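This report describes the packing of one protein chain. The sequence and the structure are shown first, and the description follows.

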Amino acid sequence: MPRPGRSGAYEDPAATLAAAAELLAVLHARGQDGVTPAVSPSQLRALLAVEAAEGVNLRTLGEVLGSRPPSVTRLCDRLEAMGLLTRSPHPSRRREVEVRLTPQGRTLLDDRRAIRVRELSAVLGRMAPGAVEALMTGLAAFREAAAGLYPAGGPPAAAEASAPPAREPSPAPEPSMAPAQVPDSA
């Protein structure tokens, strides 16, 4: 719905945000470049979910990913074969299997984050400091509003298990230090 007194890109904030999200997706995909082994988006979501809840069982992982048990098992089979996660019996509930990242899985996520932050920092570095501050304030408000709609951390069946909880807005970081909080992010 257009806002009175605004023109151009601000006539439809949702459309503007959707366009920015598309650009962020392109920058986010660059986080895959140069990181081995290459992982698919669904594999990445699974790794992020495991990172967010180390020791998660397969049933819970399936709920977080919005996937059925056979699909989760196959996904974990592939990730385990790549050396990115391990499955082991739960210490007290023998029928459950725990899923954990391996050191290689942690390194992969860290490498992706470093590349993504570098890409985003390059863009933020081209912005005026006031615009960066306004962006950080707006994103903090957006996260807070989203947390009110989705208190469990994301939309139902979403895989953004790694999304940080909403928190009070903080002072804007320097452009080169701005953290990236992008869904599917790592």
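## Helix packing

How are α2 and α5 oriented to each other: roughly parallel, roughly antiparallel or roughly perpendicular? In this predicted model, the two helices pack at an angle of about 110 degrees. Angles of 65 to 115 degrees count as roughly perpendicular, and α2 and α5 are therefore roughly perpendicular to each other. Their axes lie 11 Å apart.

On the α2 side, the contact is made by Leu 44, Leu 47, Leu 48 and Glu 51. On the α5 side, Leu 108, Leu 109, Arg 112 and Arg 113 take part. By class, the residues of this contact comprise 5 nonpolar and 3 charged, with no polar residue.

## Nonpolar core

The largest nonpolar core of the model contains 22 residues. Those with the most contacts inside this core are Leu 47, Leu 61, Leu 79, Leu 108 and Leu 109. Two or more residues each come from α2 (41–52), α3 (58–65), α4 (69–81), β3 (97–101) and α5 (103–124). The most is given by α2, which supplies 6 residues.

Leu 108 belongs both to the set with the most contacts inside the core and to the contact between α2 and α5. Leaving aside residues up to four places away in sequence, Leu 108 touches Val 35, Thr 36, Pro 37, Val 39, Leu 47 and Leu 84. Leu 47, one of these partners, is likewise among the residues with the most contacts inside the core and forms part of the α2 side of the helix contact.

## Sheet

An open sheet is formed by 3 strands in the order β1-β3-β2, with antiparallel pairing. The edge strands, β1 and β2, each pair on one side only.

Strand β1, residues 56–57, pairs with β3 over 2 bridges in the antiparallel sense. Strand β2, residues 85–89, also pairs with β3 in the antiparallel sense, over 5 bridges. Val 99 of β3 takes part in both pairings: Val 99 is the bridge partner of Val 56, and Arg 87 stands opposite Val 99.

Methods: Residues numbered from 1 in each chain as written. Predicted model: local features only at pLDDT ≥ 70, side-chain atom pairs only at ≥ 80, totals over all residues. Heavy atoms only, no water. Core = buried A, V, L, I, M, F, W, Y, C linked by side-chain atoms within 4.5 Å. Buried < 20%, exposed > 50% of the residue type's maximum accessible area, 1.4 Å probe, protein only. Helix = DSSP H or I, 4+ residues; strand = E, 2+ residues; numbered from the N terminus. Contact = heavy atoms within 4.5 Å. Pairing = 2+ DSSP bridges. Axes fitted to C-alpha atoms, helices over the stretch in contact; angles between N-to-C directions. Parallel < 35°, antiparallel > 145°, perpendicular 65-115°, else oblique. Nonpolar A, V, L, I, M, F, W, Y, C, P; charged D, E, K, R; others polar.
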